[in-house]
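Biologist: Could you walk me through this one before I set anything up? I'd like to start with the packing and then turn to the charged pairs.

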Amino acid sequence: MAQPVDLPGPAVTAADKALAAPSLRADLTKERFYFLMADRFANGDKSNDAGGLTGDRLKTGLDPTDKGFYHGGDLAGVIQKLDYIKSLGTTSIWLTPSFKNRPVQGSGTDVSAGYHGYWITDFTQIDPHLGTNADMKRLIDLAHRKGMKVFFDIITNHTADVISYQSGNYGYIPKSTTPYKDAAGNVFDDKQYAAGDTFPPLDKNTSFPNVPVFRTPADASVKVPAWLNDPTLYHNRGDSTFAGESAEYGDFVGLDDLFTEQPKVRDGMIDVYKTWAEFGIDGFRIDTVKHVNLEFWQKFSPAVLAAARAAGTKKFFMFGEVYDANPQFMSTYTTKGNLQATLDFGFQQNAVAYAKGDPSTKLRDLYANDDYYTDTDSNAYQLPTFLGNHDMGRVGTFLKQGGASGKELLARDKLAHSLMYLTRGQPVIYYGDEQGFTGAGGDKDARQDMFATKTADYADDEVVDGTGTTTIGSKDRYDVNAPLYKHIAGLARLRSKYPALSDGRQVHRYSSTSNGLYAFSRLGSDNVEYLVVANNSKTAAAATVATYGPHTWLRPVYGSSQSVLTDREGRVRVSQAPLSVTVYQAQKKVPARAKAPAVYMSSPELGATVSGRAEIAAAVPENTPATVTFGYRLAGTTEWKRLGSDDNAPYRVFQDVSGLPQGTRIEYRAVLRDASGNYSASSSYGVVGDAPPPGGGGDGGGPVVQPANVSVPGDHNSEMGCAADWSPDCAQAQLTLDSKDKVWKGTYTLPTGEHAYKAAINKSWDENYGAGGALNGANISYTTPSGPVTFYYEHGRHFATSSAQGPVITVPGSFQSELGCPADWDPSCMRPWLTDQDGDGTYTWSTTELGAGSYEAKVAHNLSWDESYPAANVPVTVPRDGLVVTFSYVLATHQLTVTTAKPAAQPDLSQAKAQWIARDTLVVPAVDHPERFRWRLHWSATGALKVDADDIGGSSVALRYDPHELRPGYTTLRLPHTDTTKLRTGQLALAQYTDTGHLVDATGVQPT
């Protein structure tokens, strides 16, 4: 096995400069999308309302009074309203699927029409309800003349529901019980063929778990192209449950699920969409991407892009719908899957939460995870961002559900749109949001008519205009003076005037768990900085934030009218009015530098294990704009291969090493280039292997070694059938370890009365735990209710309780499978068990087992969904691997909060671990790699310092790390030349920050 030799040092070489590359902006990054459903937008040609069909609504699909049927909108209407769309600041129009659909599907109360475009039968023809292929060509040409692109919404996962099953049963049948068979009856695994160009021949009668049949002879040839009529080109496994294998192989709400693992299907879809790409369209939004196998996208995307570019559309752009808010998952489709971008559901979730009033730390953590998207041909700047859509519902509805109304609802709606237009990504306006549409929910309830509606359910929907009383009514809604239309148009002009606000680097500056402020910088190629400050609270808020420019005036170009001046470090005090945003422009460029800042590779540590999708990271503690490019090479080779370039902290990329043999040595290089063109570099290496065992246990510690036995000796033992009470070795008192959640459990029927017990280990009193999990602690008391009592014991926390002592609280969520539960969202799996060990009414649980990503959770009482809180799922963001994630639940208020912290780092200003050893020198107990962090000394004459996410408040000054160890076992920090007299009174604290500005640790300073 090759060993790492001659690992490069910090000296920058020609190879380093060749490796260094700018952060990508090659694909589209500056678009402003307007997403519309043609049937509901404008009716420009009443002659096509019935799509050329005759009969009642069940034949034509037309019924403007029913929200589930065609209403008459068409491409002619879109053409007539191009100026309205353009005036909003739109640069790209995104149309819902426009191909010919099955007019009507379903029966009885479930009957509805294909007005939305997702029930395609002919992939070569525009739906006659909307117009013709010629109409589409005219729309594209006219939009281009007005400077706007046109995007199609396309589908490769399924067609209309045409195929039935001979059995009449539609429940999902997994491959494990009924595998596929070839035409000769041989079992095979389709995954072995998914990346290739061959596939076993199939027989519709014997190869599938369901025998596909057609309801009518006409259905056997209804689809175009003709190859789509072959029933062996579909999965034929039944309806998807949207979990596990069925998410890829199951029918999406009954629609015929294409067998995309087959090369004939893949190549057929490539041919279909190559033709439309050559038609002059500017790009595709791709539906249901995560329900199609990854190998499909690996060939589909390059082939369609090549066809579009050959036809003259050099900036052809495709983005996929991966309905998931976790960047770690979504990004697999842009990195491994070769798509250019995915719709940013993570932004949607966190931006709406912020606009409702949630802590701004959620936004900080969201953007920290942008690094999952970074590779050699794409990054997060390309992601289309949105606030609501035709499936989930409208942003105005979400904000109403959050409790906002009247003027506050309008202010929060504006705040949400401001955030979308001023942060990285490409904003998408869902048609009608600019008019303030709301609705009762998602799907049909969020697909209102812009023209005078005849649908009663739509007419009484509230319009967000600040009054709280206006409804859509039955009139056209194309008011260019509507409050939100004017607000969005103004944001578009701002974004256009200052391009850095579109795709300039985005740098985190400030977030808080309490005061509502969120601040970040945008910096373009001209090195002019823009500071954006938002406030989601109902009161004004202030904070001191960093910028790149010392002694620089920041002039507001949006929002506030008051300029502010930075100090000698470039820090500035900003105050922001309630529910508002200000954009400041620096009046000087970022200062030029003579030397690059230091860069320190931080992951992997030298010789550490890398596995799966490994984090490759570097720290740049100095506050200056820089881009870090990461490269790798296998040990024993000389040429660096680029992994990607990151232009903001945390500086990192993620490399999939799962295909490399275990034991492979990989050398890594981080090359920094600053805004003045200076370079610095750092190296490390890792060894491919298995991921280290997860942490865990209730306290976030290491793996728990279970005892052989756990019992509940107490004065109830005789009632359990034991010979005597308080018998730790009694067989009837022994609990059983549940393999599902590693909790010891036992259920007993006991007479009503007061009892006491402890938890005893290995049938002896040698190790026992009482109240609060204390070793040799006090007896645990309870009163037996009528009915069975279940006892629970977790060895990680040594905590014992029973169902008679109050609610058993778990926090089920989308992360449970990562903890080892059989499934997510399982309240009965007690791996995430919250306990109240000190009896203060707050239940907590901590873990280090959650990898970086975005999750959701709720609190469940007594291991079921019968009682759960809150009404909506709580977002859980873990910015990086290895953090301690703590869930806290207050029983009295049902409030759930989630925090993350570095292991062993607990900011605590009541402690005084830092010490003066000279007038300008402080020491603190030794910190690993102190050179990778930012250090600040904070003081307050009024004692106002307090721990927050990115700050502890007061006045502060930067400290310099001194590598000389002046006191053994301590880290040395130096003050700049400053008057330290003012630091000797009042409250004084030392704070440690990452290069993103996230508070890692804080402690008081011992008085001299």
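Predicted model: local features only at pLDDT ≥ 70, side-chain atom pairs only at ≥ 80, totals over all residues.

Biologist: Okay, how many residues are in the largest nonpolar core, and which have the most contacts inside it?

Modeller: The largest nonpolar core contains 138 residues, and those with the most contacts inside it are Tyr34, Leu36, Phe41, Tyr273, Phe284 and Phe300. Helix H15, spanning residues 406–422, supplies the largest share of this core, namely eight residues.

Biologist: What is tyrosine 273 in contact with, leaving aside neighbours within four places in sequence?

Modeller: With those neighbours left aside, tyrosine 273 is in contact with Phe99, Phe123, Ile154, Ile155, Thr156, Phe284, Phe300 and Val304. Another core, of 22 residues, lies apart from the largest one, and its members include Ala618, Phe630, Ala649 and Val688.

Biologist: Switching to charges, how many salt bridges does a search of the whole structure find?

Modeller: The search finds 47 salt bridges. In one of them, glutamate 31 pairs with lysine 149, with the closest N and O atoms 3.2 Å apart. Glutamate 31 sits in the loop between helix H1 and strand E1, whereas lysine 149 belongs to strand E7, and the two are 118 residues apart.

Biologist: Which residue does aspartate 445 meet in a salt bridge?

Modeller: Its partner is lysine 67, at 2.5 Å from N to O. Aspartate 445 lies in the loop between strand E14 and helix H16, and lysine 67 in the loop between helix H3 and helix H4, so the pair ties together parts that are 378 residues apart in sequence.

Biologist: What about aspartate 433?

Modeller: The side chain of aspartate 433 meets that of arginine 394 in a salt bridge, 2.8 Å from N to O, and both residues are buried. Elsewhere, salt bridges that share partners join Asp153, Arg285, Asp287 and Glu321 into one network.

Biologist: Last topic: what is the strand order in the open sheet of six strands?

Modeller: The order is E15-E16-E17-E22-E19-E20, with antiparallel pairing, and the edge strands are E15 and E20, each of which pairs on one side only. Two bridges join E19 to E20, and tryptophan 553 stands opposite leucine 565 in E20.

Notes:
Residues numbered from 1 in each chain as written. Heavy atoms only, no water. Core = buried A, V, L, I, M, F, W, Y, C linked by side-chain atoms within 4.5 Å. Buried < 20%, exposed > 50% of the residue type's maximum accessible area, 1.4 Å probe, protein only. Helix = DSSP H or I, 4+ residues; strand = E, 2+ residues; numbered from the N terminus. Contact = heavy atoms within 4.5 Å. Salt bridge = Lys/Arg side-chain N within 4 Å of Asp/Glu carboxyl O. Pairing = 2+ DSSP bridges.
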